[in-house]
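Good morning. Please have a look at it first.

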Amino acid sequence: MITFFSYWWGRYKRKEDSKYLDRFLKQFNSLPSKNELEVLISSGELSEKSWLLLANSYYKSGDYEKSIEIYQELLKIKSSSNTKETMFLLGKTYFKAGFLERSKQIFLEILKKSPRTPQALHYLLLVYEYMRDYNSALDVLEPLDELHEDVALESAYLKVMHILSRSDISIDKKADKLLAIHNETHKLTYMIFEYLFRVNPKLAWQNLDSSKSELLSDIFWAIDTKELNLDIISQNGYLRDLYSARGDIALSKSSSIFELNVLIKLQNKGGATLIFEYVCDGCKQVYPFAFNRCSSCHSLDTLRVEWHLSKDFYQDYTQENNSFQ
């Protein structure tokens with residue numbers, strides 16, 4: 001009898017608990033208004049940690065407005081023990097939603113009360129960068145350095161961004177400054193040489209580090225034939241394969257890289273070409289466009305270029321146009 005009643009009492013309790021949970025979750029089938037949120041949070045039915053988890057779920061689903069409302073209501077609780085954490089999450093959400101000025105004010109307020117907060121400093125640096133206030137971003141590096149954070153790459157990156165944004169210096173002067181940074185750090189190769197090949201291909205070829213050739217594959221593939229430096233290409237095995245595959249030269253009969261080998265064998269008769277995608281080595285996020293700072297994990301200089309075979313739609317288009325002439 002005891003076993004029998006214990007079993008059915010357990011089933012009854014689980015059913016009641018499930019009904020309570022369903023009733024609670026129904027409140028969020030349609031997003032609660034700001035006034036409803038205020039009542040729900042002040043009632044204390046859920047702990048602060050639970051509300052933080054709920055706000056984070058809204059953040060991850062892209063509903064930044066509702067996430068911001070929850071953080072704002074939590075900050076009104078005077079007895080909160082998570083004020084600093086909540087402010088940081090609010091500033092982070094403002095940043096993600098594009099409210100850069102509000103995000104900046106939040107992080108400055110955090111640092112005013114807790115100057116030794118590297119996470120807030122890093123996000124403040126990102127805010128200044130997105131606002132194109134590179135001088136202020138560079139100023140943030142000083143307290144980070146005092147906290148023993150490695151800021152060498154950030155410093156070089158912000159200097160490059162500052163140089164590129166300036167309209168008071170010539171293209172040649174910019175190129176010289178960028179090369180000086182690259183020669184000093186040996187970093188940001190893609191960022192710097194993408195600019196150099198665009199504005200001064202001859203200077204870019206002269207200062208090319210042949211060991212970084214694969215990183216610049218998409219740039220090399222897009223260079224106009226008349227801008228090629230055949231002396232450098234003929235001395236670089238990867239570039240010989242690449243431009244033999246593109247059809248500019250015939251120095252390679254085959255390649256150890258499958259895609260290039262196929263294009264070399266086709267000899268421009270198969271209507272195929274290379275398309276590129278860009279992978280962050282930090283978080284493995286894949287992008288259809290090149291980047292200098294990963295928009296997902298915010299890491300620098302982690303770009304890796306990957307290529308795939310594809311139908312050459314441009315060739316088909318030009319052939320179609322020529323047929324009408």
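Helix H6 (residues 100-113) and H7 pack at an angle of about 150°, and their axes are 9 Å apart. Helices here are DSSP runs of H or I with at least four residues, strands are runs of E with at least two, and both are numbered from the N terminus. The axes are lines fitted to C-alpha atoms, for helices over the stretch in contact, and the angles run from 0 to 180 degrees between N-to-C directions. H6 and H7 are therefore roughly antiparallel to each other; angles under 35 degrees count as roughly parallel, over 145 as roughly antiparallel, 65 to 115 as roughly perpendicular and the rest as oblique. Their crossing is left-handed, a term used if the near helix is turned anticlockwise from the far one by less than a right angle, with right-handed for clockwise.

Before the next part, the source. This is a predicted model, in which local features need pLDDT of at least 70 and side-chain atom pairs count only at pLDDT 80 or more, while totals for chains, interfaces and linings use all residues. Residues are numbered from 1 along each chain as its sequence is written, and side-chain values use heavy atoms, with hydrogens and water left out.

Which residues meet between H6 and H7? On the H6 side they include Phe107 and Leu111, and on the H7 side Leu124 and Tyr128 are among them. Contact means heavy atoms within 4.5 Å.

A second pair is helix H15 (residues 237-246) and helix H16 (residues 258-266), which pack at about 45° with axes 8 Å apart. H15 and H16 are therefore oblique to each other, and H15 passes H16 in a left-handed crossing. Leu242 in H15 is one of the residues at this meeting, as is Leu263 in H16.

Now the core. The largest nonpolar core has 86 residues, and Leu196, Phe197 and Leu242 are among those that touch the most other members. Helix H7 (residues 118-130) gives the most to this core, with eight residues. Such a core is a set of buried Ala, Val, Leu, Ile, Met, Phe, Trp, Tyr and Cys residues joined through side-chain atoms within 4.5 Å. Buried means under 20% relative accessible area, exposed over 50%, partly exposed in between (1.4 Å probe, protein chains only).

Last, Ser155, which lies in helix H9 (residues 152-165). Ser155 is buried, at 16% relative accessible area. Over the chain, 41% of the 325 residues count as buried.
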